[in-house]
Amino acid sequence: MPERPRHFLWSATGGDPAELAATLTPGYTLETSARRSQRRRFLDTFDWRLYRAGVELEYDGASLQARMPGGRELAVAAGRLRLPLPSASIPHGALAEEIVPIVAPRALLLAVEDRIVVRVARLRNSDQKVVARLRASIPATPGSPTHLTVSALRGYAADADAVGLALAGRPDMAPTAVGEYAEALRHAARRPATEPDSLAAAMTPGMSAESAIALVLTDFATAMAVNAPGVIDDIDPEFLHDFRVAVRRTRSVLKLTGDVLPAHVQQRFVDEFRWLGDVTTPVRDLDVFLAEFPELIGRLTAAKPDDLAPLRAFLIRHRAAQRRPLVRALRSARFATLQSDWRAALLGAATERHGKPSAAQIATERVSAAHRKVIRIGRRITPESPGETVHGLRKRCKEFRYLLETFAPLHDPAAHSALIRQLKSVQDVLGDFQDGEVQRQAIRSFAEKIMAGGGAQAPSMMAMGELAAAMDAHQLAARAQLAAVLKRFLRRTDRTTTRALLPDDGAV
Amino acid sequence: MIVIAAYNIKGGVGKTTAAVNLAYLAARSGAPTLLWDLDPQGAATYLFRIKPKVRGGGRALLAGKRPIDQAIRASDYDGLDLVPADFSYRNLDLRLDERKRPVRGIDRLLRPLAGEYEYVFLDCPPGASLLSESVLYAADIVLVPLIPATLSLRTFDQLLQFVAGAEVRTPSVRAFFSMADSRKRMHRDLVATMPAARPQLAATVIPAAAIVEGMGQRREPLVAFAPRSAPARAYEALWAELTTHESGPGRRP
């Protein structure tokens, strides 16, 4: 496997690798290339997926170059790229095979851009064999150190080690664990945090419930604000997904614990967030359908994949139409006012640091109540229970899950993780049940719209019928699994389960 | 992964020259390529300036004590790696014979690399031995350089019989004329007439040229330092012929 590169920060001006020749042990020679001034552009997703994976992806105006964590380097001709670059548009090849699984379904954005002068050198041994490559990246900012990377060729780690040791002995050379991308990000306006910025992480058992809930809701408000521009610009579907998660959780927390906030806050904002939820739903549903399209095609047994092409074309057109009211809403004064008024309201609530009830008290009370509801409904579910009862259980499980996550900073981590794991097993089956029904109804609605638009062809309609039947079967299969999964959950959790989350009952 | 073995029972026919230049062309086309120098003489290893040494020797490789990827060395050319020669390879027949199913020994070593390389070239020593059988078993294509002379063709026929009698996975045998001297009448006559009788013969003919000797002096593939020379252009044509042949290079399942 490729060798891990070694990085150094070199404080010498000029950064010419030829100056290092004297430092090298006898037997090695350096062959330096000419200086090359270039614009350096690192690409990444909005949520820093490449950074977190230790991957550097650089675009030089004509090609994409990736440096993988183990030292492997990949490149592909890319021509002139338009950013944001959807992951599906990364040119095919070995680079795409590595990068797409990390970034999909997110688009690649310009993460950081600067101007550097690059000098490369090849290190040769006494046989004149190239054993390592040196790359000096000299930033345009005066006083910034040169970033020197020593990359051993495969099988020549010992040579690179010897060179690295020699370089580390120089007073103007400091070894660093940070690669060029991370180094460039240090000076960027927007940088990845090592953990997501979360105000709710500061929640303590003794703080007032009002303050604690305000912290949680502020995190969701930040998520909405941060993702809204990406939704408006339609950069990739995850912006809308993350926006809607924040809206959904806001609505849930307001419903389940909003009574600890001043009365006018709940009254003023419940309807506004319902509006946001409603206006974002159609596009999100279509995004999910389009993302799952390859899987839908895989479910066909009689129809051919091409028979679903009219459906796909319809979904794309329909999505474009549904985006118009969504974008209008997010650009509207109503949304701007909602955001600023909401922040102001939460700021006011967050300053009420002390008072009853405490965060721990409200956590214990609401989490236990939600758990009891799940147990009560769960015990009543039988294979003959109507669909609405199952949907009711799904909603209660969701509320229980949101409450667990809201108060997670207060919970015993092991007890919290165990309960989430058990609940998730039930939610997965309930989700499959819900998805089967929703998607079947959606297919029916799409078919009606396609027919109304005069685009109906028999093979397409039959293929869509086949899909609807497959979704029905999916829902039935989930229904059949539910009893066993519920039984396991009910056996493993009882009233003492939630007490283990806050063992001292939040005593302060 | 496609395994191409440059092989002939006779020595001195241009196996190493072909393996080195075709491996270079494969890597240059963007396909990750590995060249394994199985000849204890280590000519290919020398040309790439790599030390002819494998830790533990052939014995450690075949016994599985050392995974083959630890022996791999990058060449100076992007996408082209080498498993170097080692003098212990002179005993590879013995080492193979110590293992169960000895004919599958080379194939067993190459299989874990299938996800990493698109082409593996095997530069094989001359002869007809257990190692040769093991190479034939591993190969998808057996590439046979032939000097256009009567005795060479006799040896080629012997090779075809050898392949037919060996435990193989039916590799595609592709021969080509190598070191063809257009000043020699026999060479000209055989190049003109033999393809009709030997369908395995490629249309491309590699001409003899003094510049090929420059490889040993410069320690570079010919197509790298003299791309416009006649033999270099011929190797390009041969590579194009191999990669677009109708029967196609067989793909390892």
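User: What makes α6(B) count as mostly covered?

Analyst: Eight of the nine residues of α6(B) are buried. Buried means under 20% relative accessible area, with exposed over 50% and partly exposed in between (1.4 Å probe, protein chains only). A heads-up: this is a predicted model, where local features need pLDDT of at least 70 and side-chain atom pairs count only at pLDDT 80 or more, while totals for chains, interfaces and linings use all residues. Residues are numbered from 1 along each chain as its sequence is written, chains are lettered from A and ligands numbered from 1 in the order in which they are written, and side-chain values use heavy atoms, with hydrogens and water left out.

User: Which residues of α6(B) are buried, and what covers them?

Analyst: The buried set is L130(B), L131(B), S132(B), S134(B), V135(B), L136(B), Y137(B) and A138(B). Their cover includes β1 (2–6), α4 (92–97), α5 (105–110), β5 (119–123), β6 and α7 (150–165) of chain B. Those labels are DSSP runs numbered from the N terminus: helices are H or I with at least four residues, strands are E with at least two.

User: How do you know whether A139(B) is buried or exposed?

Analyst: A139(B) has 1% relative accessibility, so it counts as buried. You'll find A139(B) in the loop between α6 (130–138) and β6 (141–146) of chain B.

User: What does A139(B) touch?

Analyst: Leaving out residues up to four places away in sequence, A139(B) touches V3(B), A5(B), R169(B) and P171(B). A contact here means heavy atoms within 4.5 Å. Take A5(B): A139(B) and A5(B) sit 134 residues apart in sequence, but their C-alpha atoms are 5.9 Å apart.

User: Why is chain B called as compact as a globular protein of that length?

Analyst: Chain B has eleven helices and eight strands. Its radius of gyration is 17 Å, close to the 18 Å from the globule rule for 253 residues, so chain B is as compact as a globular protein of that length. The radius is taken over C-alpha atoms, and the rule is 2.2 Å times the number of residues to the power 0.38. The C-alpha trace spans about 50 × 40 × 30 Å along its principal axes, and buried residues make up 55% of the chain. Among contacts in chain B between residues at least 6 apart in sequence, 81% join residues at least 24 apart.

User: What makes β3 and β8 of chain B edge strands?

Analyst: β3 (73–74) and β8 (201–207) of chain B each pair on one side only. Pairing takes at least two DSSP bridges between two strands. The eight strands make an open, mixed sheet in the order β3-β4-β2-β5-β1-β6-β7-β8.

User: How do you know that β7 and β8 of chain B pair?

Analyst: β7 (residues 172–180) and β8(B) share three bridges, in the parallel sense, and the definition asks for at least two, so they pair. A180(B) stands opposite P207(B) in β8(B).

User: What makes Q128(A) and D234(A) stand out in phi?

Analyst: Most residues other than glycine have a negative phi, and most peptide bonds are trans. Q128(A) has a positive phi near 65 degrees, and D234(A) has one near 55 degrees. Q128(A) is in the loop between β7 and β8 (130–139) of chain A, whereas D234(A) is in the loop between α5 (209–232) and α6 (237–257) of chain A.

User: Are Q128(A) and D234(A) buried, exposed or partly exposed?

Analyst: Q128(A) has a relative accessible area of 33%, so it is partly exposed. D234(A), at 32%, counts as partly exposed too.

User: Which peptide bonds in chain A are called cis, and on what values?

Analyst: The bond joining L83(A) and P84(A) is cis, with omega about 0 degrees. The bond from A104(A) to P105(A) is cis as well, with omega near 5 degrees. P84(A) is in the loop between β6 (73–77) and α2 (94–103) of chain A, and P105(A) is in the loop between α2 and β7 (109–124) of chain A.

User: What about chain A overall: how many helices and strands, and how much is buried?

Analyst: Chain A has 15 helices and ten strands, and 49% of its 508 residues count as buried. Its C-alpha atoms fill a box of roughly 80 × 70 × 50 Å along the principal axes.
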